[in-house]
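Colleague: I've got this one open on my screen. Can we walk through it together?

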Amino acid sequence: MPSEMESNNAEYVTLGGEGSTPKLEKMSKVSIMPLMFLIFYEVSGGPFGVEDTVRAAGPLLALLGFLLFPFIWSVPEALLTAEMGTMFPENGGYVVWVSSALGPNWGFQLGWMKWLSGVIDNALYPVLFLDYLKSAIPALGGGFPRIIAVIVLVLALTYMNYRGLTIVGWAAILLGIFSLLPFMVMGVIAIPRIKPTRWIMVDLKKVNWGLYLNTLFWNLNYWDSISTLAGEVDNPGKTLPKALLYAVMLVVLGYFLPLLIGTGAMPVNRELWYDGYFSEVARVIGGVWLRSWVQAASALSNMGMFMAEMSSDSFQLLGMAERGMVPEFFAKRSRYGTPLVGILFSASGVVLLSWLSFQEIVAAENFLYCFGMLMEFVAFVKLRRKLPYAERPYKVPVGKTGAILMCVLPTLLIFVVLALASFKVFIVSFSAVIIGLVLRPCLKYMEQRRWLRFSVNPDLPDIRAT
């Protein structure tokens, strides 16, 4: 960093005391392939969950949505993440960007909303996994057996996160291949059945725009989540932008091609396109064996998304602790280099929120996520203006005006998503924002009274933009 980023007059306290943190230089860093699949699972995990776009708008708009929407939302967010993540290659990611541009208070508020949004999102995956199993094991449909199954599942996946990002990353690769392979097989088998005229079917008078846009948004966001792992990446200045580029292509193809196959090979009946309909498409095209493969891929995809999201959430807390925003114990690492307390904290939140319905989870996380992204766009533009000469190993090839224009369409989309939220979702999300506004001064009071220990990692540079 240049001198304006390095100057620091703050009095730092070494984190955790002597010997509390493993020698990080001995820990394995995440390389480009595992990182690409971690991003894939942060954002997508496969085409499971895109069926509602066909039900809401028909084949043509569903296909166009997954071709055009990435240029409106995914590409700008990925570019922003690549620039900011390489400018601040440390755990904490977007919290650090916003703290630098808008101050630590707004950085904390962003961290609270993004962490809560991530935990809410993660509560969805064990529930969906058990929903796929309950047809074979009816006892998992509810009651005490389901509660026990959720806890056991969360504990098993939490342990994998505890063992390190290398294991999580390579598990993501294997799960990603397993999740996408049945759709490649389906595409080959479906060729004789495909009728291209089905792809252009549309009835603009019967489009459910709310469901359509929310489904697209939910399936194509969270590109910034990988930034909270930037401190664990091998050569982040080069690895992070490349991994984001490859992940964008993988995600778009992973959505578009299965939709192309499904809508082209099946008679169009929009009312049938609910979550899980791809398993029926697989049965019609290939038989029971292919349906079973797609169901297994969908179930295991949920596990990949869970592990990727938990890694992001827990390392975000570690990064915030290293900046003195949350108590020091969140910065404690296990002997595998993983944030032990952050993992346990995030896992507890998942268990507590696993009773929410699918619709409530998606709506609440989208609302909180939108608030956070508005701050990230402001931070991106402000840092371009305030620190034009700061080191950026990757820089989006646009000037100050271009940086503003790049954020215009995504910002308009955010306001559309917020406007479509129900009153119940608004109240729940607004309450979460209020909790964050109260939590910050409460933590500062605890710090002043020495009830909890807060400290700042002295190896981190000054991030003040002013």
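This is a predicted model: local features need pLDDT of at least 70, side-chain atom pairs count only at pLDDT 80 or more; totals for chains, interfaces and linings use all residues.

Modeller: Residues are numbered from 1 along each chain as its sequence is written, and side-chain values use heavy atoms, with hydrogens and water left out.

Colleague: How many helices does the protein chain have?

Modeller: Helices are DSSP runs (H or I, at least four residues) and strands are too (E, at least two), numbered from the N terminus. The chain has zero strands, and its helices number 16.

Colleague: What percentage of the 466 residues is buried?

Modeller: Buried means under 20% relative accessible area, exposed is over 50%, and partly exposed lies in between (1.4 Å probe, protein chains only). By that cut-off, the buried part of the 466 residues is 56%.

Colleague: Where is the kink in H3?

Modeller: A straight helix of 37 residues would span 54 Å at 1.5 Å a residue, yet H3 (residues 51-87) spans only 37 Å between its end C-alpha atoms. That expected span is 1.5 Å times one less than the number of residues. The bend at a residue is the angle between axes fitted to the seven residues ending there and the seven starting there. In H3 the kink is about 125°, shortly before Pro59, and lies at Gly58.

Colleague: Why is H3 largely enclosed by the rest of the structure?

Modeller: It comes down to burial. H3 is largely enclosed because, of its 37 residues, the number buried is 29.

Colleague: Which helices are included in what covers the buried residues of H11?

Modeller: H11 covers residues 277-286, and among its buried residues are Tyr277, Phe278 and Ile285. The cover over the buried residues, judged by contact (heavy atoms within 4.5 Å), includes H3, H8 (165-190), H10 (236-265) and H12 (288-322).

Colleague: Is Leu412 buried or partly exposed?

Modeller: Leu412 is found in H15 (residues 400-419), and its C-alpha atom is 10.0 Å from that of Ile72, 340 residues apart along the chain. With a relative accessible area of 49%, Leu412 is partly exposed.
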